[in-house]
Amino acid sequence: SRQSVKGDGSLNTDSDEENWNAAEKLKNRSKERNIWTTLPDNSYIGNWNNWKEENKSEIKNLFDQTGNTIIDYHNATSNCSSTSGVETGTNDDLKGLINFVRGQDYFDYNGNCNITEDRAHLLGDIYHSQLVEVGPPDANSGFTDVNQESYWRAKNNYQSFSNSLQGRKKVIYAGANDGMLHAFDAETGMEEWAFIPPFIASKLPVVI
């Protein structure tokens with residue numbers, strides 16, 4: 001498949017199945033997304049979706065480690081004070097920040113005070129990011145010199161490893177300016193998961 005980045009920063013590809021746009025595929029899917037980070041007491045292995053409200057205490061610990069404070073964005077005197085879910089204090093803002101990253105319009109970008117709907121654009125712009133497609137392994141194991149990497153493959157049974165993974169899905173990896181590494185199904189364009197590096201996560205209270 002061929003991949004490119006469109007003028008609006010969204011990922012576009014021509015695959016064997018269709019010509020898809022990752023930003024369009026992601027619309028209205030904030031609650032379905034798999035978003036994860038490394039949390040000390042919460043494994044992501046086999047789940048890939050620990051960036052959720054129920055893990056708010058552990059996620060808040062990421063903020064605290066770098067001294068960043070969540071702002072009481074929605075309160076009794078804010079523009080959207082009559083909106084359901086608004087509380088005094090930052091408990092609602094912690095949950096709102098978590099869900100904003102998932103794609104919820106908690107900070108009311110469109111100005112309608114509906115802070116539970118999805119944002120118009122869930123995918124951050126993809127600029128200056130090297131797109132990498134990973135699929136079934138197909139590296140060469142034929143060698144003519146013991147100093148070649150293919151020699152190491154041949155001596156370590158790479159061919160057997162390669163044969164066992166010929167059915168592996170093709171996935172495109174791309175970094176975006178939302179701070180996440182995104183993994184997309186190369187054939188369908190659907191987001192498989194997105195990873196938030198802990199150091200990036202710790203900065204969220206001051207960059208939103």
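Tutor: Let's begin with the side chain of D118, which in this predicted model reaches the backbone nitrogen of R29 at 3.4 Å. The side chain of D118 also makes a polar contact, at 2.4 Å, with the side chain of S30.

Is D118 buried or exposed? D118 is buried, and yet it has no salt bridge. The nearest side chain of opposite charge belongs to K31 and is 4.9 Å away, whereas a salt bridge would need the atoms to be within 4 Å. Setting aside neighbours within four places in sequence, the residues in contact with D118 are N28, R29, S30, G103, Q104 and D105.

Now stay with that loop, as C113 also lies between α3 and β5. A disulfide joins C113 to C80, with an S to S distance of 2.2 Å, and the structure holds one disulfide. C80 sits in the loop between α2 (56-65) and α3 (91-102), so the pair ties together parts that are 33 residues apart in sequence. The torsion about the S-S bond is about -85°, so this disulfide is left-handed.

C113, with a relative accessible area of 25%, is partly exposed.

Methods. Residues numbered from 1 in each chain as written. Predicted model: local features only at pLDDT ≥ 70, side-chain atom pairs only at ≥ 80, totals over all residues. Heavy atoms only, no water. Disulfide = S-S within 2.5 Å. Helix = DSSP H or I, 4+ residues; strand = E, 2+ residues; numbered from the N terminus. Buried < 20%, exposed > 50% of the residue type's maximum accessible area, 1.4 Å probe, protein only. Lys, Arg positive; Asp, Glu negative; His and termini not counted. Polar contact = N/O pair within 3.5 Å; in protein donor to acceptor, adjacent residues only side chain to side chain. Contact = heavy atoms within 4.5 Å.
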